[in-house]
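Subject: Structure handover

Hello,

Here is the structure for you to look through. My notes follow below it.

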Amino acid sequence: MRHEKFFSCAADKRRDDLNYRASISVERIPGRFPYATWHSPEGPRDVVVWCSNDQLGMSQHPKVVGAMVQTVLHAGAGAGGARDTCGTNRMLLDLEAEIADLHRKQAAMLFTSGYIANAAGLSAVARLVPRCLVISDEHNHHSMIEGISKSGCKKRIWRHNDLEHLEQILREERGRPALIAFESIYAISGDVAPIRQICDLARRFGAITYLNEANAVGICGAGGAGMAEREGLASRIDIIEGTLAQAYGCLGGYIAGRAVLVDALRTHAPGYAFTNALPPPLCAASLAAIRHLKESSWECERLAQNAATLRAGLIKAGLPVRPGQEHIISLAVGDIAMARAMCNALLSDFSLHLRPAGHSAAARDTAYLRILPSSHHDKTMLTALVNALAEVWRRFEPSWSYQPDAAE
Ligand SMILES: Cc1ncc(COP(=O)(O)O)c(C=O)c1O
């Protein structure tokens, strides 16, 4: 192929700066979550997964699978078109209504993923506000960063969870319409945003609030409505963004807010309009997952218990656990190459699957091991993970320790 060297150089550059992403092939086993089959070089082997977003096991729940199977039989596999051609189906409209009801917002609109909801939705919101300044937490997810840069609006980054810095920026930019973009539970660290104080600042300075609840919906708050709901603050958030691919175990993303906003976004977000709609079977499955978690609490209670037990066990074993109380647990390693080697050892020597994570492609010296417990891990699995991590820590001796952020 002509120009091949550009691509090989790009991949080599990622290898050199240790940011090359290599996936391993794992098949999750229906009915046996959190077990999966790893296709190791020596052949297939059962492993316990500790890095799945499916933290409540919803992707394999009989109601969710049943809704998908039934719908595929009577409506087919795909949506057959974009939203304003023939892709708007009954299931999809029901799902949008269910999401609006979940967040007690006037309306909701679906995107094909949470990533697209942020990349297309956030950028359109910002573009629609004249002279909009977007103020973004420095640890915001890549999809939000992309949405903000695509908007072409002026952007200022505030130090992670640092309210004084946020206030300083709002003061400096007083007089300009501002949109504060942040997450409720941060994806890499599991840190929780000071939502109430951010809402207070937004009210004082007349700013719009855009909250990414991807890591909280389905898990936190009454009926799984998220962290803002849990804190009694949902009505003070202007725009809630979420995903159907994590706690709900399916695929898709959404934005919920006032009807007038959703109405405008439907014609101003190209990433919503110029793509095929979510297929009916996926909408039916998500609908079943949301409805189930609105009623059932054992999954979230078990997840909370497992996360607390694991966190306590890791701390007792002397491992550098990033402080927090939520269901994402991060261990500070530092060097990304070492973090990868530790994960490889956990997989090959202990049959445990977890992955390293960092805040940006450039953060090669601030890598974490990110653990996602689930409602389906049992006590034996929790103990086995703590023991294996302690052993791997002894073997590799990572030197970096958790450094509190300025705001903490
Ligand atoms: C905070 C956050 N936002 C957005 C996304 C993207 O969601 P999706 O996987 O539905 O594209 C993720 C996914 O991990 C996330 O953690």
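In which sense do β1 and β2 pair, and over how many bridges? They pair in the antiparallel sense, over three bridges.

Before the rest, a word on confidence. This is a predicted model. The mean pLDDT over the chain is 93. A score of at least 70 is reached by 95% of the residues. Residues 404-408 are another matter, with pLDDT below 50. That stretch makes 10 contacts in the model beyond its near neighbours in sequence. Please read that part with this in mind.

**The sheet**

Back to the strands. β1 and β2 belong to an open sheet of four strands, ordered β1-β2-β3-β12. The pairing in this sheet is mixed. Its edges are β1, residues 26-28, and β12, and each of these pairs on one side only.

Take the neighbours in turn. β2 covers residues 35-40 and β3 covers residues 43-49. The two run antiparallel and are joined by six bridges. Together they make a hairpin, with two residues between the strands. His39 has its bridge partner in β3, namely Pro44.

On to the pairing of β3 with β12. Here the strands run parallel. Two bridges hold this pairing, and β12 consists of residues 352-353. Val49 stands opposite His353 of β12.

**Two backbone points**

Most residues other than glycine have a negative phi, and most peptide bonds are trans. Two places in this chain are worth a look against that background.

The peptide bond between Phe33 and Pro34 is cis, with omega about 15°. You will find Pro34 in the loop between β1 and β2.

Arg104 has a positive phi, near 50°, and is not a glycine. Arg104 belongs to the loop that runs between α4 (90-102) and β4 (107-111).

**The ligand**

Now the ligand. Which residues are closest to it? They are Gly114, Tyr115, Asn212, Thr243 and Gln246, out of 15 residues that surround the ligand.

- Gly114: a polar backbone atom is 2.8 Å from an oxygen atom of the ligand.
- Asn212: a polar side-chain atom is 2.9 Å from a nitrogen atom of the ligand.
- Gln246: a polar side-chain atom is 2.7 Å from an oxygen atom of the ligand.

How much of the ligand does the protein bury? On its own, the ligand exposes 390 Å², and the protein buries 84% of this area.

Which helix gives the most to the shell around the ligand? That is α5, residues 114-128, with three residues. By class, the shell holds 10 polar residues, four nonpolar ones and one charged one.

Best wishes

Key:
Residues are numbered from 1 along each chain as its sequence is written. This is a predicted model: local features need pLDDT of at least 70, side-chain atom pairs count only at pLDDT 80 or more; totals for chains, interfaces and linings use all residues. Side-chain values use heavy atoms; hydrogens and water are left out. pLDDT is the predictor's confidence in each residue, from 0 to 100. Contact means heavy atoms within 4.5 Å. A residue is near a molecule or strand if one of its heavy atoms lies within 4 Å of it. A polar contact is a pair of N or O atoms within 3.5 Å; within protein, one must be able to donate a hydrogen and the other to accept it, and residues adjacent in sequence count only if both atoms are side-chain atoms. Accessible areas come from the Shrake-Rupley method with a 1.4 Å probe; for residues, only the protein chains shown count as cover. Ala, Val, Leu, Ile, Met, Phe, Trp, Tyr, Cys and Pro count as nonpolar, Asp, Glu, Lys and Arg as charged, and the others, Gly among them, as polar. Two strands pair if DSSP finds at least two bridges between them.
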